[in-house]
Amino acid sequence: MKVVALVSGGKDSCYVMMKCIQYGHEIVALANLLPVDDSVDELDSYMYQTVGHQIIVSYAECMNVPLFRRRIRGSSRHQKLSYQMTPDDEVEDMFVLLSEVKRQIPSITAVSSGAIASDYQRLRVESICSRLGLVSLAFLWKQDQTLLLQEMIANGIKAILVKVAAIGLDPSKHLGKDLAFMEPHLLKLKELYGSNVCGEGGEYETLTLDCPLFTNARIVLDEFEVKLHSPDSIAPVGVLHPTIFHLEKKGSTDSSSLENEPGLVFEVQGDGPNTTEATRQLDNGIVDHTRTRVNLSKTGKDNTFSICCWLEDSSESPTGLKEDLETVLTEIESQLSKHGVSWQNVLYIHLYISDMSEFSVANETYVKFITQEKCPFGVPSRSTIELPLVQAGLGKAYVEVLVANDHSKRVLHVQSISSWAPSCIGPYSQATLHKGVLHMAGQLGLDPPTMNLRNQGAVAELNQALTNSEAIAEAFRCSISSSAILFVVFCSARTKESERNQLHEKFVSFLDLAKSSRRVSNVMDPIFLYILVPDLPKRALVEVKPVLYVEEDTETDDETRKEELGEGDYSCCGYKPEKWHQDCVQTRVVDGKICVTILSISAEVMRKLHEPSGDEEQQLERVSRFCVYLLDKTLSENSFSWQDTTSLRIHFSTSLGVSVERLSDIFETAFKVLNELSHGVAFNGLKEPIFNLVPVLGAGNSSASLDNIITCELFSLRS
């Protein structure tokens with residue numbers, strides 16, 4: 001990509017440019033924001049480093065790259081963490097600056113910034129990039145600061161300290177000193193006081209005078225003044241004010257070309273966006289489609305529930321994915337409104353489409369509905385999977401949303417491309433935390449800085465997907481090796497069977513290694529569900545969807561709860577407990593608040609349930625009653641009820657050869673029987689079914705055995 005680099009003069013903004021080039025991008029312009037008054041060294045800014053701005057004009061000559069500069073007119077008006085367009089805010093100066101760069105150089109597609117740990121700055125750069133249709137590149141994000149400092153010095157960043165504001169740093173001693181000279185002292189301050197060695201806590205700021213990107217010349221600082229801003233005896237604050245400097249040519253560069261060339265430096269004027277632009281709502285251009293083919297399901301909880309929407313068979317309909325998805329999302333939007341909520345209350349979205357080659361079409365349609373403007377508390381996390389929808393008679397789009405009727409969710413949404421974890425460029429988040437449950441977006445085996453799939457096969461993709469998942473979990477101070485409740489692993493039908501057979505073993509090995517490296521004592525025993533699907537985004541072979549529990553002080557584990565509750569004498573729907581029934585069920589109960597159950601009906605189980613005199617439909621009726629019986633029994637034994645259900649997916653193999661409409665009727669009948677036996681207590685007042693029928697190619701508890709005919713995935717949450 002062609003990149004405009006945000007430069008402050010500091011080491012970080014210079015080193016991230018070097019990382020951009022390392023990953024194959026091209027720096028075609030520089031952008032800098034500076035004070036209105038040239039004599040002012042530092043502004044009271046939450047966003048910008050301006051100390052040393054007098055020298056930045058030389059970067060254009062040093063790199064032979066155009067430099068666009070704008071004087072900061074705004075102030076820090078919008079100080080909340082997540083930024084929304086605010087007139088006269090200093091962030092809008094960046095918008096004006098980058099808008100002009102994009103106007104003059106239309107080929108630019110990305111912006112680099114030196115963000116390492118500041119969510120405040122990263123989110124504002126991402127907001128501007130989103131508005132301008134640019135990609136944010138932040139390759140230093142979440143990197144270990146000690147290693148990063150060593151890398152910068154080893155890779156030729158020559159920078160001096162131009163501001164100090166921390167215990168152990170003395171303006172009279174340390175201002176003007178080279179970063180390499182200061183490294184041992186900075187490491188010592190980290191040991192003594194927990195200081196950030198890269199200055200991310202505001203301990204110090206730097207000015208880069210030379211680096212490998214400066215191919216024409218280096219900057220030589222001849223004279224400077226030290227200005228003491230605060231004479232505090234513990235942590236005095238001082239800045240370096242450059243007074244005289246010159247450029248020293250490199251190689252065969254003509255010294256006459258080192259004068260400040262007006263043709264390389266552009267001053268950007270103009271006003272920021274007005275109030276009207278800041279508050280207007282864009283017309284999403286959605287066409288109103290007929291709803292005669294729309295079907296719904298909804299779980300019974302009032303505070304956390306799921307809504308699912310799909311279409312009846314549209315194989316003979318002229319509508320495509322775009323039209324079907326618009327119809328489905330419009331109906332879900334209507335249903336959300338009826339329940340007094342909106343897209344801002346959605347925690348997670350399962351987006352199922354009929355053809356992954358139309359992913360871009362699906363995404364373009366999706367972003368008409370789910371936007372950051374509509375979700376001020378954070379956009380929901382998402383997984384996108386191709387399913388045999390048309391084959392199953394479900395149209396071309398199928399969507400499930402998990403909803404909470406409160407605003408307590410916490411979202412991690414990093415749109416910048418970095419070395420930390422894959423970016424989410426667009427309105428979906430890496431993970432959403434709500435009531436102790438961390439819902440992580442589907443993770444592919446993407447190499448974060450390049451956003452390319454690992455090309456060594458399914459096992460390599462799985463390893464990278466788990467590495468990415470762990471990075472996201474660490475942002476919530478937990479680990480997939482100790483906090484995971486459930487792993488759903490989608491396997492593409494293109495995966496070789498020999499590789500598929502290795503996935504589970506490699507998965508367990510990864511978790512075991514992570515546990516030993518973290519030395520964790522309290523470890524959950526997660527459930528695994530492998531699902532075989534036609535295709536995945538980017539033609540990936542594997543996608544992992546982890547669900548984690550991140551709260552502490554778990555009072556009882558699964559085994560203790562079983563001992564407390566006992567087996568009991570339980571019978572329902574004509575079944576009596578048998579030992580082999582438990583072989584069909586995996587259940588995890590966490591802290592008495594969460595109950596996750598996976599019920600597997602394999603071909604072998606179907607044979608056990610088979611009645612010689614019954615036909616195929618009668619056999620399915622018996623299977624459905626058996627599923628409802630075991631699910632009800634599991635909930636009851638663990639002191640949960642159907643009213644606690646937040647989602648129930650019934651994955652069924654298309655090899656069954658039965659229509660979704662008929663299968664839905666069969667399961668609805670089974671639930672009605674249960675409701676009658678419970679005298680209406682189980683499903684009081686529900687109008688729609690509580691389950692979603694999800695067509696798959698196969699499923700199983702192991703990657704080597706995907707022969708389940710029906711798999712029920714039940715998630716319950718006690719308020």
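**Before you start**

Residues are numbered from 1 along each chain as its sequence is written, and the model is a predicted one, where local features need pLDDT of at least 70, side-chain atom pairs count only at pLDDT 80 or more, and totals for chains, interfaces and linings use all residues. Side-chain values use heavy atoms, with hydrogens and water left out.

**The whole chain**

Select everything and colour by secondary structure. The protein chain has 19 helices and 30 strands; helices (H or I, at least four residues) and strands (E, at least two) are DSSP runs, numbered from the N terminus. Of its 719 residues, 59% count as buried. Here buried means under 20% relative accessible area, exposed means over 50%, and partly exposed lies in between (1.4 Å probe, protein chains only). Among contacts with a separation of 6 or more, 78% are between residues 24 or more positions apart, where contact means heavy atoms within 4.5 Å.

**Stop 1: α4 and α5**

Two packed helices are described by the angle between their axes and the distance between the axes. Select residues 90–104 for helix α4 and residues 119–132 for helix α5: they pack at an angle of about 40°, with their axes 10 Å apart. That makes α4 oblique to α5. The axes are lines fitted to C-alpha atoms, for helices over the stretch in contact, and angles run from 0 to 180 degrees between N-to-C directions. Angles under 35 degrees count as roughly parallel, over 145 as roughly antiparallel, 65 to 115 as roughly perpendicular and the rest as oblique.

Which residues make the contact? Show Val91, Glu92, Met94, Phe95, Leu98, Ser99 and Lys102 on α4, then Arg124, Val125, Ile128, Arg131 and Leu132 on α5. By class, this contact of α4 with α5 has seven nonpolar, one polar and four charged residues. (Ala, Val, Leu, Ile, Met, Phe, Trp, Tyr, Cys and Pro count as nonpolar, Asp, Glu, Lys and Arg as charged, and the others, Gly among them, as polar.)

**Stop 2: α6 and α8**

Now select residues 145–154 (helix α6) and residues 179–193 (helix α8), which pack at an angle of about 170° with their axes 11 Å apart. That makes α6 roughly antiparallel to α8. On the α6 side you will find Thr146, Leu149, Gln150 and Ile153, and they meet Leu179, Ala180, Glu183, Leu186, Leu187 and Lys190 in α8. The contact of α6 with α8 has six nonpolar, two polar and two charged residues.

While you are here, pick Gly176, in the loop between α7 (171–174) and α8. Is Gly176 buried, partly exposed or exposed? Gly176 counts as partly exposed, at 25% relative accessibility. Leaving out residues up to four places away in sequence, Gly176 touches Ile160, Leu161, Phe224 and Leu240.

**Stop 3: aromatic rings**

Show the side chains of Phe, Tyr and Trp. Their rings (the six-membered one for Trp) pair if their centres lie within 6.5 Å; planes under 30 degrees apart count as stacked, over 60 as edge-to-face and the rest as tilted. By this rule there are 12 aromatic pairs. One of them joins Tyr352 and Tyr398, edge-to-face at 5.5 Å centre to centre with 70° between the planes. This pair links distant parts of the chain, with Tyr352 in strand β13 (residues 346–353) and Tyr398 in strand β15 (residues 397–404), 46 residues apart. Tyr352 counts as buried at 1% relative accessibility, and Tyr398 counts as buried at 0%.

Next, select Trp642, Phe667, Phe671 and Phe691, which ring pairs link into a cluster.

**Stop 4: α13 and α15**

Select residues 458–475 (helix α13) and residues 497–518 (helix α15), whose axes come within 9 Å and cross at roughly 35°. The α13 side of the contact includes Leu462 and Leu466, and the α15 side includes Phe507 and Phe510. By class, the contact of α13 with α15 has seven nonpolar, three polar and five charged residues.

Also in α15 is Val508, which counts as partly exposed at 31% relative accessibility.

**Last stop: Leu532**

Finish at Leu532 in strand β23 (residues 527–533). Leu532 is buried, with a relative accessible area of 12%. Not counting residues up to four places away in sequence, the residues Leu532 touches include Cys491, Arg500, Val696 and Leu706.
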